[in-house]
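Take a look at the chain below.

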Amino acid sequence: MYRISVAVSMMIAMYLDSFLFARLHIFGIRPDCLLALLVSLGVLLGQGEGLVLGLGAGLLTDVLFGRAIGLGAIAYMLAGVAGGFFYKKFYADNIVIPAATAAVCALGKEHVMALSVRMLGGTFSYFEMLFTYILPCTLATGLFCALTHLLMKPTLQRQIRKHYERHAGGGIR
């Protein structure tokens with residue numbers, strides 16, 4: 001049952017990224033909803049699940065919306081793995097951990113994307129891009145991850161507990 005929740009939440013995040021925030025212009029700033037969700041899922045489900053979900057979601061978004069296949073997949077896979085680093089750690093219950101992890105991952109992803117644009121012949125002022133787009137988007141992604149984590153944590157914990165109780169005969173309490 002929790003896999004259905006994960007799939008639905010990933011579809012919602014893809015919708016928010018590719019349609020809603022692409023058309024909703026708030027000073028040109030938009031959170032990376034899928035990255036925020038993948039970090040949260042990594043924290044909640046572990047590195048293995050974060051890696052698989054990130055790679056799958058990244059490849060899907062690259063094929064559907066991207067210009068370079070694989071670049072987004074690597075970024076999203078690393079975000080899931082980075083979130084999974086905090087799986088079952090006592091301090092991962094603090095909402096700051098997933099939010100900060102998502103912000104750092106978004107910062108790295110945006111720098112890689114800017115570097116790829118530069119390598120393909122694009123020109124832009126790095127510092128202008130940094131202060132007007134990259135840092136605000138990084139902050140927005142971290143805040144969105146905090147909200148996502150607040151919503152996903154109780155839902156997934158309850159569903160995973162039921163899943164293991166059903167399949168393991170009540171092993172987890």
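Beyond its neighbours within four places in sequence, Tyr87 is in contact (heavy atoms within 4.5 Å) with Gly42, Val43, Leu44, Leu45 and Gly46. Tyr87 sits in the loop between α4 and α5; helices here are DSSP runs of H or I with at least four residues, numbered from the N terminus. The C-alpha atoms of Tyr87 and Leu41 are 9.3 Å apart, although 46 residues separate the two along the chain. Tyr87 counts as partly exposed because its relative accessible area is 31%, where buried means under 20%, exposed over 50% and partly exposed in between, with a 1.4 Å probe and protein chains only.

This is a predicted model, in which local features need pLDDT of at least 70 and side-chain atom pairs count only at pLDDT 80 or more, while totals for chains, interfaces and linings use all residues. Residues are numbered from 1 along each chain as its sequence is written, and side-chain values use heavy atoms, with hydrogens and water left out.

Val6, leaving aside neighbours within four places in sequence, is in contact with Leu41, Leu45, Leu53 and Leu156.

α5 has 24 residues and reaches 34 Å from its first C-alpha to its last, close to the 34 Å expected at 1.5 Å a residue, the expected span being 1.5 Å times one less than the number of residues. Buried residues in α5 include Pro98, Thr101, Cys105, Lys109 and Glu110. Just after α5, Gly121 has a positive phi of about 105°.

The helix α5 also gives the most to the lining of the largest pocket, six residues. A pocket is an open set of points on a 1 Å grid over the protein atoms alone, with protein on both sides within 12 Å along at least five of seven lines, and lining residues have an atom within 4 Å of a point. Of the 28 lining residues, Phe65, Gly66, Arg67, Lys109 and Met113 lie nearest the centre of the largest pocket.

Conventions
1 Å grid on protein atoms, 1.4 Å probe; cavity = no way out; pocket = protein on both sides within 12 Å on 5 of 7 lines; lining within 4 Å. Helix = DSSP H or I, 4+ residues; strand = E, 2+ residues; numbered from the N terminus.
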